Amino acid sequence: MSDKPIMAKATAVWLCDNTTITFKQIADFCGLHPLEVQGIADGEGAVGVKGFGPIANNQLTQADLDAAQAQPPHTLKLQFTAAAGGAAQRLGPS
């Protein structure tokens, strides 16, 4: 299983637009640098990228997101999805 959500930048865009969690929490969850997340929030980092909701796509639970918003040190945890298992092997040569 990957340690990053599917479409990490689009997920970061959604989290910036729809939550009050910190840039560091978003960066840690999406595998990005906090300054890159700040650029996304400023509208400079992911111009034209449509947000991809991690809750609707079973990558994150609402309870985990609520806990992160209530307590900034809380780390978001990527949900295991059986359909994503073995995705690295299906991608082809690297």
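A salt bridge is counted here where a side-chain nitrogen of Lys or Arg lies within 4 Å of a carboxyl oxygen of Asp or Glu. The model is predicted, so local features need pLDDT of at least 70 and side-chain atom pairs count only at pLDDT 80 or more, while totals for chains, interfaces and linings use all residues. Residues are numbered from 1 along each chain as its sequence is written, and side-chain values use heavy atoms, with hydrogens and water left out.

The protein chain holds five helices and zero strands, where helices (H or I, at least four residues) and strands (E, at least two) are DSSP runs numbered from the N terminus. Read from the N terminus on, the order of elements is α-α-α-α-α. Of the 94 residues of the protein chain, 31% are buried; buried means under 20% relative accessible area, exposed means over 50%, and partly exposed lies in between (1.4 Å probe, protein chains only). The accessible surface of the protein chain comes to about 5900 Å², and carbon and sulfur atoms account for 56% of that surface; the areas come from the Shrake-Rupley method with a 1.4 Å probe, and for residues only the protein chains shown count as cover. Contact means heavy atoms within 4.5 Å. Among contacts between residues at least 6 apart in sequence, 57% join residues at least 24 apart.

Leu 15 is in contact with Ile 21, Ile 26, Phe 29, Cys 30, Pro 54, Leu 60 and Leu 65, leaving aside neighbours within four places in sequence.

Cys 30 belongs to helix α2 (residues 23–30) and is buried, with a relative accessible area of 0%. Not counting residues up to four places away in sequence, Cys 30 touches Lys 4, Pro 5, Ala 8, Thr 11, Ala 12 and Leu 15.

With residues up to four places away in sequence set aside, Gln 59 touches Pro 5, Ile 6, Phe 29, Phe 52, Pro 54, Lys 77, Leu 78 and Gln 79.

Charged pairs complete the picture. Two salt bridges are found in a search of the whole structure. One joins Glu 36 to Lys 9, with the closest N and O atoms 3.1 Å apart. Glu 36 lies in helix α3 and Lys 9 in helix α1, so this pair ties together parts that are 27 residues apart in sequence. Glu 36 is partly exposed at 30% relative accessible area, and Lys 9 is partly exposed at 37%. Another salt bridge brings together the side chains of Lys 24 and Asp 28 (2.9 Å, N to O). Because Lys 24 and Asp 28 are four residues apart in helix α2, about one helical turn separates them. Lys 24 is exposed, with a relative accessible area of 53%, whereas Asp 28 is partly exposed, with 45%.
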